[in-house]
Amino acid sequence: AGNAGFQVQTLAERGLAGVIGNIRTLGGLRGDIGDQRYVGEAAAEAHGLMMAQKDAVLLMARTMFTGESGDLVSKIDLRTRRALGSTDNLNDIKTSMAQGDYFKSFVDLFGISTRLPGRFLASEDEYFKVITMRRVLYREAHRASQIAYTTARREGIGRDEAKELASQKYADIITTTPDEIKKMMTTEARKMTFQGSPEGFFGRMGPLVNSIPLVKTVVPFYNTPTNIINEAFDRTLNWSPVYKAIKGNITGEQTITGKELDDAIAKLTLGNGIAMTMFLIASGEYGDDVVITGTGPSEFAAKRNIMDPAGFNPASIGFKQPDGTYETMTFSRFDPMSALLVMGADLANYMKYEDDPNVLSAVLKGYVLATAE
């Protein structure tokens with residue numbers, strides 16, 4: 001659900017970034033050619049997503065059968081992923097049974113059964129990697145065609161000939177994909193499934209955490225939650241690209257591209273919009289028909305006294321039933337969007353139960369700084 005929601009969210013961001021880029025460059029009339037997001041990129045990515053469904057399902061099934069994704073990258077950050085058995089590939093077990101080595105087959109099969117959660121995880125990640133790679137391919141083909149069209153028009157070439165050049169460029173990218181786009185496809189596929197290598201401080205901490213055996217028995221994941229936190233940060237408090245763009249305009253130095261600026265503003269706009277929408281709903285926009293809870297009080301007894309009588313769990317949304325009870329569901333694992341939803345719900349809960357203006361001011365500051373912590 002988190003991966004699927006992230007696919008929809010990033011598609012919306014791409015469309016918003018295209019609108020921002022169009023406005024910022026006055027429809028491509030100002031600035032360097034290609035240094036912007038184009039409006040049609042979101043539609044191109046959506047088309048690529050639909051075109052990838054058959055391949056995505058086939059490769060997901062292959063991963064389920066072999067136990068390994070195509071790029072051999074997994075969310076599970078363990079140096080040794082197989083403690084029982086010698087293989088995860090069902091074909092190897094079939095071969096062992098055909099050779100009469102039933103004991104080896106039994107041990108391998110038993111090992112696979114203990115690792116089924118990881119197998120399912122790798123399989124669904126493979127599905128989202130494939131559709132992300134196809135999204136990137138069609139998006140970059142569209143960008144290349146738009147750049148070819150704009151370049152031709154600025155050189156005085158007629159509209160019809162420019163369209164033909166753009167169409168040819170689009171077809172070339174799809175059929176003979178350049179290496180830099182292939183690399184971009186792989187990088188973004190891992191990013192969209194939260195499997196990229198964290199950078200900066202978190203990247204330096206990763207090897208240290210992964211090297212502590214006792215910690216790994218209870219925390220087999222490091223890169224994934226770190227990447228989720230970074231994605232939430234990008235959509236709430238990441239002022240850095242905007243600041244760099246303004247600084248570059250003042251000093252004249254190129255600190256960030258226009259395309260990166262379009263993406264950053266779109267992420268901030270949509271991310272904070274989601275959090276504020278949740279805040280408004282949790283504040284009682286729908287009366288008691290829809291009730292939303294945040295994380296609740298930090299003290300266990302207080303949380304139990306508030307949550308249990310109403311039948312609510314933390315970070316849940318409840319819909320009132322005809323008999324007056326509520327049917328609830330949690331949104332705490334809807335990563336990375338859950339961070340935005342929980343922040344909005346927490347802010348609404350504290351605003352509802354607090355009258356001290358100093359405390360409210362502190363809570364508002366906490367809302368802004370939550371992801372920084």
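Is F110 buried, exposed or partly exposed? F110 is partly exposed, because its relative accessible area is 46% (buried means under 20%, exposed over 50% and partly exposed in between, with a 1.4 Å probe and protein chains only).

Some notes for a first look follow. This is a predicted model, in which local features need pLDDT of at least 70, side-chain atom pairs count only at pLDDT 80 or more, and totals for chains, interfaces and linings use all residues. Residues are numbered from 1 along each chain as its sequence is written, and side-chain values use heavy atoms, with hydrogens and water left out.

1. Let's stay with F110. Both F106 and F110 belong to helix 5 (residues 102–114), 4 residues apart, about one turn of the helix (helices are DSSP runs of H or I with at least four residues, strands are runs of E with at least two, and both are numbered from the N terminus). An α-helix has 3.6 residues a turn, so residues three or four places apart point the same way. F106 counts as exposed because its relative accessibility is 55%.

2. Now for the rings. The whole structure has 3 aromatic pairs (rings of Phe, Tyr and Trp, the last by its six-membered ring, pair if their centres lie within 6.5 Å; planes under 30 degrees apart count as stacked, over 60 as edge-to-face and the rest as tilted). One of them, F106 with F110, is stacked, at 6.4 Å centre to centre and 15 degrees between the planes.

3. F194, in the loop between helix 8 (179–192) and helix 9 (200–210), has a positive phi near 60 degrees without being a glycine. F194 counts as buried because its relative accessibility is 2%. A315 also is not a glycine, yet has a positive phi of about 50 degrees. A315 sits in the loop between helix 14 (300–310) and strand 2 (316–320), and counts as buried because its relative accessibility is 5%.
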